[in-house]
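Please go through the structure below with a viewer open.

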Amino acid sequence: MRRHRPRNSIPETDGKHLLVNWQVKYALAVLAKAGGDSTAEQVEGDLIRVVTENQPDVLAAISPDVKIDIVTATRYRQQYPGLDFLCGYRANCVWKGDAIQYLEQNRVGWGNFGTLCSAALDGSANNASHKIYKFSDRLLRQYGRVEQVIREYDRVHRVFLKGGAVLRIGMIAEYEPTADAVRSLWEQFGPVDVAWNINPNGNPTPEAVDAGSELGCEVVKWDEMKDLMRRS
Amino acid sequence: MGRDEGPHAQVLMTAAEIAAHLLASCKSLRQFASYMFGSALSGIGQDIDILIVGPGGEALSQLKEEIQLASENLPLHVLYMQPSEARQTEFVTREKCVPLAQLASSAMP
């Protein structure tokens, strides 16, 4: 007989250690602390069930990975049939374009923990995408001068403009991007033509702009991005 | 800390323990000013926000490697600033950043 376990409870131990990975502990603790409309429990391994009143339950895998590629995404789907959402728990988790495409084609939502919480609340887990980059991704795709967009990573897009020019654009989500944010984007993802500060509030520091100049990319906000695409 | 935040909170490191862990694990932190800010200071947060202020170059690369190892089981979110950026943005004051050393001393028995 299955043992009853209250929601947001801590799963069983092996007598010495809790059989819960660190990122699952954090996810359950944060949801419990929030005390909102959603509750959660561990199902097994990295898999949790998020329960929200008047919405479908969400089976979500909470990944500790720093990078999620198609191999990781496929492994999670095979390991947990019925998966609704794959969550990269770390703030610095990077999603490769092939993983994003694979998950979206298979109706598995993807993104950070905040994305999961929002999606569970509005019942959209299977179609959800990383909330930090969702709006900017859409802005690019809907901009009139854009012919085609290839998403290489969650935050790096190769944009083909109708005039024939091609721009590789990296998104920086920080409120006030620093020189290190620009240099790290370049080191981690390779050369970009533009480092786009997608946070509508705040501005890049002068040091960030200088770092971009040294590397050979412009550090811009959306209005400057539009100008740049018009000129290209 | 110390508030009742459910059973999971009790098995997670406190802000003071995290600060002590980072200072012990990341020797390069001595060359930098290091702080914690955000929700982790007042209990369980989704991320543990850390601010590092100091030089770039080799010292920063070394520190990043050490932090990567030290955060294997922690959701660290680290912001690196040059001293001029920290001054200009007044980040430490604005975000009520607490030095890691100060936090760690509260973890001492």
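A:Leu116 touches A:Val50, A:Ala60, A:Phe85, A:Cys87 and A:Gly111, leaving aside residues up to four places away in sequence. Two residues are in contact if their C-beta atoms, placed from the backbone, lie within 7 Å. This is a predicted model, in which local features need pLDDT of at least 70 and side-chain atom pairs count only at pLDDT 80 or more, while totals for chains, interfaces and linings use all residues. Residues are numbered from 1 along each chain as its sequence is written, and chains are lettered from A and ligands numbered from 1 in the order in which they are written.

A:Leu116 sits in helix H4 (residues 113-122) of chain A. Helices (H or I, at least four residues) and strands (E, at least two) are DSSP runs, numbered from the N terminus. With 30 other C-beta atoms within 10 Å, A:Leu116 is buried. A residue is buried if 20 or more other C-beta atoms lie within 10 Å of its own, exposed if 12 or fewer, and partly exposed in between, with C-beta atoms placed from the backbone. A:Lys226 is 110 residues from A:Leu116 in sequence, and the two C-alpha atoms are 31 Å apart in space.

A:Cys87, one of the contacts of A:Leu116, in turn touches A:Ala60, A:Ala61, A:Ile62, A:Ser63, A:Gly111, A:Asn112, A:Phe113 and A:Leu116, again not counting residues up to four places away in sequence. Which residues cover the two faces of S5(A)? A:Phe85 and A:Cys87 on one side and A:Leu86 and A:Gly88 on the other are all buried. In a regular strand the side chains alternate between the two faces of the sheet.

The sheet itself is open and mixed in pairing, with five strands of chain A in the order S1-S2-S3-S5-S7. Strand S1 (38-44) and strand S7 (109-111) of chain A stand at the edges with a single partner strand each, so one side of each is left without a neighbour in the sheet. From one strand to the next the twist averages 25°. Two strands pair if DSSP finds at least two bridges between them. S3(A) and S5(A) pair in the parallel sense over four bridges, and A:Ile62 stands opposite A:Cys87 in S5(A). Strand S5 (residues 85-88) of chain A is also joined to S7(A) by three bridges, and these two run parallel; here A:Leu86 stands opposite A:Trp110 in S7(A).

Helix H1 (residues 22-34) of chain A lies across S1, strand S2 (47-52) and strand S3 (58-63) of chain A, and runs at about 155° to S1(A). Axes are lines fitted to C-alpha atoms, for helices over the stretch in contact, and angles run from 0 to 180 degrees between N-to-C directions.

The largest nonpolar core has 63 residues, of which A:Ala27, A:Ala60, A:Phe85, A:Leu86, A:Cys87, A:Leu116 and A:Ala195 touch the most other members. H1(A) supplies the largest share of this core, eight residues. A second, separate core of 31 residues includes B:Ala19, B:Cys26, B:Leu76 and B:Ala86. A nonpolar core is a set of buried Ala, Val, Leu, Ile, Met, Phe, Trp, Tyr and Cys residues joined through C-beta atoms within 7 Å.

In helix H6 (residues 179-189) of chain A, the buried residues are A:Ala179, A:Asp180, A:Ala181, A:Val182 and A:Leu185. Their cover includes strand S10 (166-172), strand S11 (194-197), helix H7 (206-215) and strand S12 (218-220) of chain A together with strand S3 (76-81) and helix H3 (83-89) of chain B. A:Gly190, with a positive phi near 90°, follows H6(A).

Two loop residues of chain A remain. A:Asn54, in the loop between S2 and S3 of chain A, has a positive phi of about 65° although it is not a glycine. A:Asn54 is exposed, with 6 other C-beta atoms within 10 Å. A:Arg107 lies in the loop between helix H3 (97-105) and S7 of chain A, and its phi is positive too, near 55°. With 11 C-beta neighbours inside 10 Å, A:Arg107 counts as exposed.
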